[in-house]
Amino acid sequence: MWPISNSVVLTIYCCTVTLVLEPTVTVTSLNAKSQALPFLESPPNCDGYVGNVGFDPFRFSDFAPMDFLREAELKHGRICMMAWLGYVSVDCGLRVLPIPEALEGVTAATAHDASIEQGGLSQMFLWFGLLEVIDFIAIKEMLEGSGRAPGDFGFDGGLLKGKSDEYIEDMKLKEITHCRLAMMAFSGVVTQSVLTQGPFPYV
């Protein structure tokens with residue numbers, strides 16, 4: 001019988017415990033480095049999602065459903081794409097007529113407080129709250145196995161109809177890339193506009 005050292009026994013034991021406690025982690029994922037953060041291990045639950053570069057430093061994907069996290073990422077990214085455009089448009093002089101008297105002369109940075117006093121923001125809160133209720137139903141059904149893809153509300157305008165899987169995957173990658181850029185861009189534009197108190201481009 002071949003002699004077995006204590007270190008070999010300990011190694012076999014640790015590997016066995018790891019596989020029992022983490023059955024969803026494949027052997028090929030172990031010790032794989034994150035593309036975005038090479039000094040950290042790549043989060044295995046992010047594998048297979050479009051745009052995955054292993055960025056999950058707090059490892060939310062270890063305890064939250066990935067479909068829910070992707071839904072949240074797409075939602076925040078889409079909002080920020082519209083928010084950046086709207087924020088800059090106000091400071092470039094674009095207005096929706098008629099302008100309420102309480103909102104005359106506001107900038108993008110001062111519009112929030114003025115809209116609360118005027119009451120317009122309360123109406124927006126009501127309508128967006130209603131949309132969130134509808135969205136919650138869709139997310140709940142998705143997490144229960146409805147087959148709905150995260151962020152998919154069927155609002156593609158027919159642009160993806162009849163397209164190949166490769167084309168659709170490429171468009172999904174472009175969307176998530178723009179979403180991530182928009183989230184950083186909106187944070188930056190708000191910060192810069194408040195610091196400079198000037199018009200666009202806030203320099």
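## Contact between helix 2 and helix 4

D67, F68, E71 and K75 in helix 2 meet E132, D135, I139, M142 and L143 in helix 4, where contact means heavy atoms within 4.5 Å. These contact residues comprise 4 nonpolar, no polar and 5 charged; Ala, Val, Leu, Ile, Met, Phe, Trp, Tyr, Cys and Pro count as nonpolar, Asp, Glu, Lys and Arg as charged, and the others, Gly among them, as polar. Helices are DSSP runs of H or I with at least four residues, numbered from the N terminus.

The model is predicted: local features need pLDDT of at least 70 and side-chain atom pairs count only at pLDDT 80 or more, whereas totals for chains, interfaces and linings use all residues. Residues are numbered from 1 along each chain as its sequence is written, and side-chain values use heavy atoms, with hydrogens and water left out.

Helix 2 (residues 66-91) packs against helix 4 (residues 120-143) at an angle of about 150°, and their axes are 10 Å apart. Helix 2 is therefore roughly antiparallel to helix 4, a description used for angles over 145 degrees.

Y87, V88, A108, V189 and Y202 form the largest nonpolar core, which has 5 residues. Such a core is a set of buried Ala, Val, Leu, Ile, Met, Phe, Trp, Tyr and Cys residues joined through side-chain atoms within 4.5 Å. In soluble globular proteins, nonpolar side chains tend to be buried together.

Not counting residues up to four places away in sequence, V189 touches W84, Y87, V88 and Y202. G188 is found in helix 5 (residues 165-196). The C-alpha atoms of G188 and W84 are separated by 9.6 Å, although these residues are 104 residues apart along the chain.

Y202 lies in the segment after helix 5 and is buried at 2% relative accessibility; buried means under 20% relative accessible area, exposed over 50%, and partly exposed in between, with a 1.4 Å probe and protein chains only. Y202 is not a glycine, yet its phi is positive, at about 60°. In this segment, P201 is joined to F200 by a cis peptide bond with omega of about 15°.

## The loop between helix 1 and helix 2

S42 is found in the loop between helix 1 (6-21) and helix 2, and its relative accessible area of 13% makes it buried. Leaving aside neighbours within four places in sequence, S42 is in contact with A32, K33, S34, G54 and R59.

R59 also has its place in the loop between helix 1 and helix 2. R59 is partly exposed, with a relative accessible area of 26%, and its phi is near 55°, a positive value in a residue other than glycine.

Notes:
Axes fitted to C-alpha atoms, helices over the stretch in contact; angles between N-to-C directions. Helix = DSSP H or I, 4+ residues; strand = E, 2+ residues; numbered from the N terminus. Parallel < 35°, antiparallel > 145°, perpendicular 65-115°, else oblique.
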